[in-house]
Amino acid sequence: MKATVEPLTRRRAWKALESHYRRTRKLHLRKLFAADPGRGTRMTAEAAGLFLDYSKNRITDETLRLLIELAKESGLRAAIDAMFRGDKINLTENRAVLHVALRAPKRASLTVDGKNVVPEVHAVLDKMAEFSKRIRSGAWKGHTGKRIHNIVNVGIGGSDLGPVMAYEALKYYSDRALTFRFVSNVDGADFVEAAGDLDPAETLFVVSSKTFTTLETMTNAQTARRWLLKGLGGDAKAVAKHFVAVSTNAEKVSAFGIDTANMFGFWDWVGGRYSMDSAIGLSTMLAIGPDNFRSLLEGFHEMDEHFRTAPFEKNMPVLAGLLSIWNNNFLGADTVAVLPYEQYLRRFPAYLQQLTMESNGKQVTLDGEKVDYQTGPIFWGEPGTNGQHSFYQLIHQGTRLIPCDFIAFAHALTPLERHHDILLANVFAQAEALAFGRTPEEVKAEGTPDWLVPHRVFEGNRPSNTILAQRLTPEVLGKLVALYEHSVFTQGVIWHIDSFDQWGVELGKVLAQRIIPELESKDAAKLQHDSSTNNLIRRYRKLKQTP
């Protein structure tokens, strides 16, 4: 669906925002809060059990009004409707974008090419649930009759980052009788370390590849197959008892030795980075159980419905997306730090890196025109309080403006003495320090020598959001992920880019396929790359010959 909108920088609201920025760029959060005592309670949003405080962004009411006007001028409402309607909004691949169908209730109807896909989604979920119950109860037995105790998910990209993040985030709810490992890197060390202490007779591999041809995944899967057969006496029949597939390629799955009855499918309208709540989440369901997995889906759906129906002024994903536009395109912030003050969310920033940067790391519009503005910012982060003793120095006193998303919970899943109060005190203190800093006068009043004052001054005026929820549950995790998914979509619509293709990952893969035989060949075949690549290939081949 090509949106009929003016080029971004010619839209009336964009021009108004440029003018507004010039007038307000020197405003400091200290003054904004001093002039408006109610700002901290007014500039907030609540949705689906999440609370967002966005008052510490460098915005005024006028900023917000103009950003919402920009969203309207950019056709955001029509784009939201088109996505939920099943229109093929992934233009370059001519595909619908319907990850929201993965968490729709059974009674819902979401159509692709005139067909309601919800019944298919729930058929796969039911099949996953039945399989999960068999593994978790011990009813499923391996080739030697032993029950399965080890689950190894083999995937890459969205087939790995989502399952890894979800497992770590929901580990509190997982079955501790099962051991979970994740293999993604084609570097052999990844497989060796994951499988090194496992008993093949008690190990199940979940191979996740839509086409069952992904180079890294299938290289690791074939290595896993050889490892298993070596440990179980070489009987090829063992494969069917120790491998299942998340794929759509029944022919290749069967050729591998997997019973296609244990193949869990998904659809081309599910992008990899939006797939953790599809069959790609099989390892998640195995860990936390079908009931908790369905709670995860319910959380996704609740945020989906909020995004679909709430007015922009109260729409949490829309507000988050618009604030990111302001920070990126007007304040010049190139990165966003995601800082969960929850150890279970330690892989959440890594998950968001793919979600955000693969989605919006684009340089041409839906019309194929080169953009003349910045698109997707760089996402990164670590859990608090660890990051405070690592990179917060740069955030507070460095030369770069780095907006921060703080994520915290009122209740700890593992309460321990005073730990949680101390943790939350740090969340609130860091956001306060970033916003308001410390003036030279305040530093001097503490008795600091004049020569030391400049080193202890904090300029402040550094924007942040704070997201609060009661506790980290499967449902809340679904809400958090959906919040960021729809914020990414909001930004992509305004930038008029395709947030759902990923052509940027293709070229390197194609060239790698060409180089692999050149590295493995013993013949000094003529190389036809650039001089640097040719030299590196020759140097590697020479080094290989030396133990």
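Colleague: What should I know about the numbering and the confidence limits before we begin?

Modeller: Residues are numbered from 1 along each chain as its sequence is written, and side-chain values use heavy atoms, with hydrogens and water left out. Because this is a predicted model, local features need pLDDT of at least 70 and side-chain atom pairs count only at pLDDT 80 or more, while totals for chains, interfaces and linings use all residues.

Colleague: Why is α5 called oblique to α20?

Modeller: The axes of α5 (residues 76–85) and α20 (residues 474–495) come within 10 Å and cross at roughly 125 degrees, where helices are DSSP runs of H or I with at least four residues, strands are runs of E with at least two, and both are numbered from the N terminus. Axes are lines fitted to C-alpha atoms, for helices over the stretch in contact, with angles from 0 to 180 degrees between N-to-C directions. Angles under 35 degrees count as roughly parallel, over 145 as roughly antiparallel, 65 to 115 as roughly perpendicular and the rest as oblique, so α5 is oblique to α20.

Colleague: Which residues make that contact, and how do they divide by type?

Modeller: With contact meaning heavy atoms within 4.5 Å, L76, A79, I80 and M83 of α5 meet H486, F489, T490 and V493 of α20. They divide into six nonpolar, two polar and no charged, given that Ala, Val, Leu, Ile, Met, Phe, Trp, Tyr, Cys and Pro count as nonpolar, Asp, Glu, Lys and Arg as charged, and the others, Gly among them, as polar.

Colleague: What makes α15 roughly parallel to α20?

Modeller: The axes of α15 (residues 348–360) and α20 come within 10 Å and cross at roughly 20 degrees, and that angle makes α15 roughly parallel to α20. The residues of this contact divide into nine nonpolar, five polar and one charged.

Colleague: Which residues have the most contacts inside the largest nonpolar core?

Modeller: They are W269, F348 and L477, in a core of 124 residues, to which α20 gives the most, with 12 residues. A nonpolar core is a set of buried Ala, Val, Leu, Ile, Met, Phe, Trp, Tyr and Cys residues joined through side-chain atoms within 4.5 Å. Leaving aside its neighbours within four places in sequence, F348 is in contact with M165, V338, I407, L480, V481 and Y484.

Colleague: What makes the backbone at A48, F212 and T385 worth a look?

Modeller: Most residues other than glycine have a negative phi, and most peptide bonds are trans. A48, in the loop between β1 (44–47) and β2 (50–53), has a positive phi of about 55 degrees although it is not a glycine. F212, in the loop between β7 (203–208) and α9 (215–231), has a positive phi near 60 degrees. A cis peptide bond joins G384 and T385, with omega about 10 degrees, and T385 is placed in the loop between β11 (378–380) and α16 (392–397).

Notes
Buried means under 20% relative accessible area, exposed over 50%, partly exposed in between (1.4 Å probe, protein chains only).
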